[in-house]
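I set out to look up how the parts of this chain are held against one another. My notes follow the structure.

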Amino acid sequence: MRWWDIAPVLELEQELFPEDAWSAGMFWSELAHARGPHATRHYVVAETVPDSGSAAGSGRIVGYAGLAAAGDLADVQTIAAARDQWGTGLGARLLTDLLRAASAFECAEVLLEVRVDNTRAQKLYERFGFEPIGFRRGYYQPGNVDALVMRLSDPAHSVPADGPVQGETHG
């Protein structure tokens with residue numbers, strides 16, 4: 001994800017998470033830590049393949065994801081796929097990319113929070129080996145929705161080691 005991706009990502013963010021959407025400033029802050037030798041963040045977008053008559057890189061952004069790393073612990077900050085992409089495997093490809101980044105950051109564990117009412121996402125995380133470890137009451141505001149906290153130990157062994165992530169991503 002680059003700065004020019006923020007506007008289309010915000011549109012998708014508002015569509016998918018109208019009550020607790022991130023602001024542009026939140027994405028700018030995360031991207032400020034995603035480049036250079038001391039980077040602690042990894043953000044990626046997924047986009048459709050552009051039409052043959054389109055300019056290169058002009059596909060529609062249909063997903064995004066971000067990870068923060070600190071020491072040997074990583075945290076999935078955000079992951080989202082456009083509704084018309086649900087069931088296509090895009091969420092799994094984005095999560096695979098984040099787990100590879102966690103391994104590159106040499107993280108031993110990955111944590112995440114997921115809405116207790118988002119069973120679709122919970123099932124995805126469970127397929128990758130995440131286990132529930134607790135709750136954060138009222139985590140998602142202003143709706144006062146609880147978060148299920150999940151943990152994955154040893155992300156390096158949760159994804160295939162060889163080959164690129166399937167799908168159209170850049171980061």
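**Entry 1. Fold**

I note at the start that the model is predicted. I went through the secondary structure and found four helices and seven strands in the protein chain. Written out along the sequence, the pattern reads α-α-β-β-β-α-β-α-β-β-β. I also looked up burial: the protein chain has 171 residues, and 43% of them count as buried.

**Entry 2. Salt bridges**

Side chains of opposite charge can pair when their charged atoms come close. How many salt bridges does the count give? I get eight salt bridges, with a side-chain nitrogen of Lys or Arg within 4 Å of a carboxyl oxygen of Asp or Glu as the rule.

I took R83 and E15 to begin with. They form a salt bridge, and their closest N and O atoms are 3.6 Å apart. The pair links distant parts of the chain, since R83 sits in the loop between β3 (73-81) and α3 (90-104) and E15 in helix α1 (residues 6-16), 68 residues apart. R83 has 43% relative accessibility and counts as partly exposed. E15, at 42%, also counts as partly exposed.

I then looked at D84. Its side chain meets that of R60 in a salt bridge, at 2.6 Å from N to O. D84 is in the loop between β3 and α3, and R60 is in the loop between β1 (41-47) and β2 (61-70), so this pair ties together parts that are 24 residues apart in sequence. R60 counts as partly exposed because its relative accessibility is 41%, and the limits for that class are 20% and 50%.

Next I looked up R151 and E109. The two form a salt bridge with the closest N and O atoms 3.8 Å apart. R151 belongs to strand β6 (residues 145-153) and E109 to strand β4 (residues 109-115), so the pair ties together parts that are 42 residues apart in sequence. R151 is partly exposed, at 32% relative accessibility. E109 is partly exposed as well, at 28%.

I also followed shared partners.

**Entry 3. R115 and a ring**

I went back to R115 to look for a ring beside its charge. R115 lies over the face of Y140, at 5.7 Å from the ring centre.

**Entry 4. The largest pocket**

Rolling a probe the size of a water molecule over the atoms shows where empty space is left. I looked up the largest pocket and noted a volume of about 1,100 Å³. It is lined by 38 residues, and the closest to its centre are F17, I79, N118, A121 and Y125. Two or more lining residues come from each of α1, β3, α3, β4, α4 (119-127) and β5 (131-140).

Which element gives the most to the lining of the largest pocket? I found β3, with seven residues. By residue class, I wrote down 20 nonpolar, nine polar and nine charged residues in the lining.

**Entry 5. Aromatic pairs**

I count five aromatic pairs. W3 and W4 are one of them: their ring centres are 5.5 Å apart and their planes stand at 80 degrees, so the pair is edge-to-face; the cut-off for that is over 60. W3 is exposed, with a relative accessible area of 53%. W4 is partly exposed, at 47%.

W22 and F27 form a tilted pair, 4.9 Å centre to centre with 45 degrees between the planes. Are W22 and F27 buried or exposed? I find both W22 and F27 buried. Together with Y64, they form one aromatic cluster.

**Entry 6. A contact across the sequence**

I looked up T96, which lies in helix α3. T96 counts as buried because its relative accessibility is 11%, and buried means under 20%. T96 and V159 are 63 residues apart in sequence, while their C-alpha atoms are 6.2 Å apart in space.

Notes:
Residues are numbered from 1 along each chain as its sequence is written. This is a predicted model: local features need pLDDT of at least 70, side-chain atom pairs count only at pLDDT 80 or more; totals for chains, interfaces and linings use all residues. Side-chain values use heavy atoms; hydrogens and water are left out. Buried means under 20% relative accessible area, exposed over 50%, partly exposed in between (1.4 Å probe, protein chains only). On a 1 Å grid over the protein atoms alone, a cavity is a set of points where a 1.4 Å probe fits but cannot get out, and a pocket is an open set with protein on both sides within 12 Å along at least five of seven lines; lining residues have an atom within 4 Å of a point. Grid points are joined across faces, edges and corners, and a volume is the space filled by probe spheres set on the points. Ala, Val, Leu, Ile, Met, Phe, Trp, Tyr, Cys and Pro count as nonpolar, Asp, Glu, Lys and Arg as charged, and the others, Gly among them, as polar. Rings of Phe, Tyr and Trp (its six-membered ring) pair if their centres lie within 6.5 Å; planes under 30 degrees apart count as stacked, over 60 as edge-to-face and the rest as tilted. A charge sits over a ring if NZ of Lys or CZ of Arg is within 6 Å of the ring centre and within 35 degrees of the ring normal.
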